[in-house]
Amino acid sequence: MITMKMNGVEVKAEEGWTILETAKFYGLEIPTLCHHEGLTPYGACRLCLVEIGEGPRAKLVSSCTYPAEEGLVVHTDTKRVVQARRMMIELMLSVAPYSKTIQDLASKFGVTRMRFKIRNEECILCGLCVRMCEEQMDGKAIGFQNRGYQRKISTPFDLRSEECRLCGGCIYICPACQLRCQGPQAESALCNACLTMDPTCLDYYDELQCWMYDAGRCGTCVREKK
Amino acid sequence: MSVHQLINLEKVQEIVERHGYNKNKLIAILQGIQAVYHYLPAEALKTLSKLLKIPLIDIISVATFYRAFSLTPKGQHVATVCMGTACHVRGAPKILEEFERQLNIRREETTEDGQWSLETVACLGCCAIGPVVVVDGDYHAHTSIRKVPTILNKYRK
């Protein structure tokens, strides 16, 4: 058993658990996008960032890949973490504004502006499809190619792969190449329609359920009640 | 085409054998293949994937990650212009433009007759002799726009 501190509470983790798994076990919510229980952790989306350590030496790590350590001090919802998450959502939104998953995340974490140029690439390079193909479907038909800003996911030579069995696993798991929410259709690239609706379709923790006993004010869950 | 493929297979087999069918030596093997064909032919990579038992996509990932590998045919001669900081401030962009004018191609392209390829590189590490142009492994130090035709003519015979 590993003992560590999470948001000021002493928690126990089993050998081999990651910070994310420990947090999940104790009911602490950490948002994820590129994490899937059936696939190996990848740490691409950086949504599951948490702060480890204390004071000036505190640093941000991705909780889905960071193993639980003895005596580790973790904070899942500090201002720094929330700001980093919002930035990641903003960046992903600019690449794939039609994704319902990312639009929902934007509303949930109060991302109400987008400062980046919309690129409509509909791929955030989270690697879910690549891992799905390799690990669950045993296909190895798609993978990453090139590097830097030219990085993309494709089949060899951009042709139909001989290994591909058209199982559709990659499309099933993709969080980016999907249709936008079929609810209220916003004109802008950033929808945020969930925020204007009452009751909101996103989850909201009241004073009793809030882990921080600080409902709405810390900025981790949706917003303050009207 | 079939004859061409046969030659491909033998050469690839030879290179893989030299490295003892070792998966870990993929980059060395790819370099060997590139040395023979001046690029990485699709057929050769498919054969390689079967020989080494690596999924084709993994080989492609490595081959497209490194600038040293090319999946499209390269020219007989490859001119590489250093665009590192030191060479840049000494006029490398103008030298590159002169190459583009002389060869009538853009950077990262190959002439239609397959004689020349023009490439850029971030830094070669020999900033003291910049601006540097490398043609087929020969380093040309302190190049200027006026020296470009001389360099090209040296290899044109």
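Which residue forms a salt bridge with Lys140(A), and how far apart are the closest N and O atoms? The partner is Asp58(B), with the closest N and O atoms 2.7 Å apart. The model is a predicted one, and I keep that in mind for every entry below.

**Entry 1: the pair between chains**

I traced where the two ends sit. Lys140(A) is in the loop between α4 and β6 (143-145) of chain A, and Asp58(B) is in helix α4 of chain B, so I noted that the pair crosses between chains. I then checked how covered each end is. Lys140(A) is buried, because its relative accessible area is 17% and the limit for buried is under 20%. Asp58(B) has 27% relative accessibility and counts as partly exposed.

I wrote down the general point for myself. Side chains of opposite charge can pair when their charged atoms come close.

**Entry 2: salt bridges inside chain A**

I looked up the total and got 13 salt bridges over all chains. I followed up two that stay in chain A.

Glu51(A) pairs with Arg80(A), and their closest N and O atoms are 3.1 Å apart. Glu51(A) belongs to strand β3 (residues 49-52) and Arg80(A) to helix α2 (residues 79-95), so this bridge ties together parts that are 29 residues apart in sequence. I noted Glu51(A) as buried, with a relative accessible area of 11%. Arg80(A) is partly exposed at 38%.

Glu90(A) and Arg115(A) meet in a salt bridge at 2.8 Å, N to O. Glu90(A) lies in helix α2 and Arg115(A) in the loop between α3 (100-108) and α4 (128-136), so the pair ties together parts that are 25 residues apart in sequence. Glu90(A) is buried, with a relative accessible area of 4%, whereas Arg115(A) is partly exposed at 47%.

**Entry 3: chain A overall**

How many helices and strands does chain A have? I counted six helices and seven strands. Along the sequence I read the pattern β-β-α-β-β-β-α-α-α-β-β-α-α. Chain A has 226 residues, and 46% of them count as buried. Its accessible surface comes to about 12600 Å², with 53% belonging to carbon and sulfur atoms. Among contacts in chain A with a separation of 6 or more, 55% are between residues 24 or more positions apart.

I picked one strand residue to look at. Ser62(A) is in strand β4 (residues 59-62). Leaving out residues up to four places away in sequence, Ser62(A) touches Gly43(A), Arg46(A), Cys48(A) and Leu49(A).

**Entry 4: the largest pocket**

I looked up the largest pocket and found a volume of about 730 Å³. It is lined by 27 residues, and those closest to its centre are Asn146(A), Gln150(A), Thr64(B), Arg67(B) and Phe69(B). In chain B, α4, β2 (109-110) and β3 (116-121) each supply at least two residues of the lining. The largest share, four residues, comes from α4(B).

**Entry 5: a patch on chain B**

Which residues form a nonpolar patch on the surface? I found Ile27(B), Phe65(B) and Tyr66(B), with about 250 Å² of accessible area together. Tyr66(B) is in the loop between α4 (56-65) and β1 (77-82) of chain B. I noted Tyr66(B) as partly exposed, at 36% relative accessibility.

Note on methods:
Residues are numbered from 1 along each chain as its sequence is written. Chains are lettered from A and ligands numbered from 1 in the order in which they are written. This is a predicted model: local features need pLDDT of at least 70, side-chain atom pairs count only at pLDDT 80 or more; totals for chains, interfaces and linings use all residues. Side-chain values use heavy atoms; hydrogens and water are left out. Patches are made of residues with over 30% relative accessible area and no salt bridge: like charges are joined within 9 Å, nonpolar side chains (Val, Leu, Ile, Met, Phe, Trp, Tyr) within 5 Å. Accessible areas come from the Shrake-Rupley method with a 1.4 Å probe; for residues, only the protein chains shown count as cover. A salt bridge is a side-chain nitrogen of Lys or Arg within 4 Å of a carboxyl oxygen of Asp or Glu. Buried means under 20% relative accessible area, exposed over 50%, partly exposed in between (1.4 Å probe, protein chains only). Contact means heavy atoms within 4.5 Å. On a 1 Å grid over the protein atoms alone, a cavity is a set of points where a 1.4 Å probe fits but cannot get out, and a pocket is an open set with protein on both sides within 12 Å along at least five of seven lines; lining residues have an atom within 4 Å of a point. Grid points are joined across faces, edges and corners, and a volume is the space filled by probe spheres set on the points.
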